[in-house]
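I opened this entry to get my bearings. My notes follow in the order I looked things up.

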Amino acid sequence: MVTSKLFDPSNRYDRQVRLWGEDGQASIGSTSACVLGSDSLATETLKSLVLAGVQSFYIVDDARVEQVDIGQNFFLHIDDIGRPRAEATLEKLTELNPSVLGSSSCQSPTALTQEDVEKLATFSVVVAVNQTEEVDAKFAQVLYDISVPFVCIKSFGLIGTIRICIKEHTIANSHEENPRPDLRLDAPFKKLTEMIAETDLNDMTIEQLRHTPYILLHFKGTFYPQPLEEFRKQRNDEKAFPTTTSDRKEIQQILLSFRRSKEDSGTKDSENFDEAKAAVMRAFQKTTIGASVKSILTSSQCSTSTQPFWLICEALRRFVDANNGLLPLRGTLPDMTSDSSRYTRLATMFHEKALADAQEVLRFTREVEKERGVGDVISEEVCYRFCKNADRIRVQNGDLLDYSRETKEIVAKIREITVDEQTRAEKVDSATWMLLMRAAGRFKKEKGRFPGTNGVPVSIDAQDLRKRVEALIKESVKENEDIQPMLHNVTDSAIAEMCRFGAAELHVISSYVGGIASQEIIKLATNQYVPIDNTFVFDGHTQESATFKL
Amino acid sequence: MVSVDPLATERWRSVRRLTDRDTAYKVPWFNPGPKNFEAVQNVKVLVIGAGGLGCELLKNLALSGFRSIDVIDMDTIDVSNLNRQFLFREADVGKSKAEVAAAFVEQRVSGCHVTAHNCRIEDKDPDFYRRFSMVICGLDSIPARRWINGMLCDLVLEHADGTPDMSTIIPMIDGGTEGFKGNARVIYPKMSACIDCTIDLYPPQVNFPLCTIAHTPRLPEHCVEYIKVVVWPEQKPFEGAALDADDPEHVEWVLQGALLRAEKYNIRGVDRRLTSGVLKRIIPAVASTNAVIAASCALEALKLATNIAKPIDNYLNFTQIHGAYTSVVSMSKDESCHVCNGGRLPIEVSSTYTLEELINSLMERYHLKNPTLETAQRKLFCISLLFPQLEEESKANLHLFLKDIVADGDEILVSDEVLARAITLRINFV
């Protein structure tokens, strides 16, 4: 079990804790991963999870190490040939991090019974690596209903795919890049209003004016009334607030007119005015609740669920109701040119207001906990952190993995591909690769081997693979529907390429896809950052990727 | 007749599926066959850096069939490396990264030879770099990137007609990561966009203004910087030793000072993590991003060595903050790039252009820190502890018009710590 030490700069996890916090690290430290398969894609995925400090992992695979594994899998040594692959790779993986527990079972995932599958459902996450569709579907069915994340990853030559299967995934912090600062210019709280009232730009020295934080400049004027007041006066509307870009440009003009150009070394070039002007577009936005957050607060889960995420969301909803439709104040200020005392006064009042709001949310949380008959499951710390990130909570919903339904969607996409002949010849669309991956799986199921793997010329296997492609398309469309438009987009070159690949397990592709998959699993474990929703396809030819929601 | 897989027991079966068989998605000069894989096994490649990217690169190259790999890194192993630099163990802390990494890969991947160089890249001469077919960089510093970029450009010889001798072009694959973002690019020195052609891609380093640190601190970072740049030099703790951000005692000393300053100004947020982050300019890092970018780089290396697929053209961006996203853009060669263009840069100036204006424009254009400018006859501008006597004259020269210092067609040599080698400007008055 990973112990969360008091921060020590020599701590092994320092560089990653800076990305997901001690709380994120603790979540990782209580994550147990079950991995079906032990090929290089599996071990490359596990590598990053072990390094990150998961609690434990469990590998299920009956394969034995062969010569070809030595040329692909870093977690095997030439001396391991003949050994159970799950055991041999396990040893070298646990070496990466002494606090992680690893174990294995030399069973074939294909041979697992329903009962076996249900036992494995006690893991925090289950990962199926290059398994058959039957195995994927068997696990998906069980795991979907009990809300255990299930990740299916595959690679074949230069192609890799990841499918994340989870009914509902809640995100406590999306870590959205460039979020709007929560300044409340349209709804200043009491202490902020007081400070604004005290501020008189007329009664300042040049030095003080140059060091006035821009948030105050947005409110105040010098020889003229406040920019906002002036705006309102011009509109003849006391409650007016800029709502369009041109409104905000007006505010910028008003602001700039406040610079003192009379004195010699006035404020013409002062940074705080520049910052104020630059900030107008983002600062003068109505404080509203974003659509994703709104839909979370009004969802039915909010009113009934006993999951911690939903308990706090309900508390949040009650707070919003009681506070004029506002979320708890985030409490952080962007940096801005200012003298120390005014900046820290602002920073402190924002921090204190945020704390007060969070305390109110905590009171509501306790109410909700009582109503729904759960104990005090939410700690103060968790509540405050949730409130701070209230504008970046998200929820993702997914359907049960269903290859036949998903192929219908893929085939529909393939029908819609419209590219010129040259592009069609040079690049293969991601949807086409997805269909080809399924066709290769069918080929294996029906012929006992993958295309391009037993010395049969590629051209012959290509014909057989094309038959599977056609069958999949036919199954996905209405009877008598014309399949030519789809077939046109699944070129002979692409089919031949799949045969050329011959199920090659290229280490670099395993490493790429394993790297992405491991971080997705960490996102699922920590409820931070937004996971792929829900299918990712990588093409090593172009190093381009696509995401589908299937 | 029963078909038999010719590669059934071949260790390198997966790579050979691609090298031995034809494809519609090839580079025009691809000829399927075993020779392509022989090429992989026979070329010498150089990996620069044995850290987050370097460890992954060594693994990826070894498991793609490369077996003559050199790795160069001057650093030693630290505990904070262990969350991603997976060739190292706790018992290796303090040892040379290059040496431990090389030994590990050799032991694990039989038949692969990895030669370690525990030194700076600048310690190696052109003859060293000339030996390699490819250079793959996993560096964490822009000046280092510029240096190796300059070195590889310098190795390119020209035919009599001025065109580059292709046999002297050593492709450079460069990767970089930060948190959940990364990039990978392929550079053909003198032929395609180089590091300096696209120097503006790199954002300027965040430096807090001294007046803020000294007089109007607002952020916890300002408190730490104050102790670092003002208090430490004044008080000279630890018997006058230089501030070593890797020494926990030094970090503790700075932390205590920063806490006092923060208290004085009522600033929240100073703690040990923030302090060490500011002092070491720590960049957050995880194993997964390094895995992805190193895989991207190694995939390109495999393509270049075997021609199994087209290399990317030529700059890949990756981010995994929201979902996962990659895109490839084609960066253009800058025809006025001093590194790509044999080092002689024509520059047009008006008659009222001053030395100061020239220096400012060069600093902005090339991200210089403290340039020295000289002609064949004299040093025009040089602020250096090595030549204190030149400071006064240099400052006075700033106001001079260029037309009074040099003649039309004259050359000015510009050198700076960030430049691999000096830029030669050829002045044209217009």
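I began with the UniProt record, an unreviewed entry, which lists residues 347-430 of chain B as "domain: E2 binding". The model I am reading is predicted. I checked the span 347-430 of chain B and found its end C-alpha atoms 10 Å apart.

Next I turned to a sheet in chain A. I traced 8 strands in an open sheet with mixed pairing. Their order is S3-S2-S1-S4-S5-S6-S9-S10.

Strands S5 (residues 150-156) and S6 (residues 159-165) of chain A run antiparallel, with 7 bridges. Ser155(A) has Gly160(A), in S6(A), as its bridge partner. Helix H20 (residues 430-447) of chain A packs on the sheet and touches S5, S6, S9 (535-539) and S10 of chain A. Its direction makes about 95° with that of S9(A).

Last, I looked up the cores. Which residues have the most contacts inside the largest nonpolar core? They are Phe66(B) and Leu87(B), in a core of 143 residues. Helix H12 (residues 287-306) of chain B gives the largest share, 11 residues. Beyond its neighbours within four places in sequence, Leu87(B) contacts residues including Phe74(A), Cys55(B), Leu58(B) and Phe104(B). I also logged another core of 36 residues, apart from the largest one. Among its members are Phe231(A), Phe241(A), Ile254(A) and Leu346(A).

Definitions and conventions
Residues numbered from 1 in each chain as written. Chains lettered and ligands numbered in written order. Predicted model: local features only at pLDDT ≥ 70, side-chain atom pairs only at ≥ 80, totals over all residues. Heavy atoms only, no water. UniProt positions renumbered as here; feature names shortened; annotations may be inferred. Helix = DSSP H or I, 4+ residues; strand = E, 2+ residues; numbered from the N terminus. Pairing = 2+ DSSP bridges. Contact = heavy atoms within 4.5 Å. Axes fitted to C-alpha atoms, helices over the stretch in contact; angles between N-to-C directions. Core = buried A, V, L, I, M, F, W, Y, C linked by side-chain atoms within 4.5 Å. Buried < 20%, exposed > 50% of the residue type's maximum accessible area, 1.4 Å probe, protein only.
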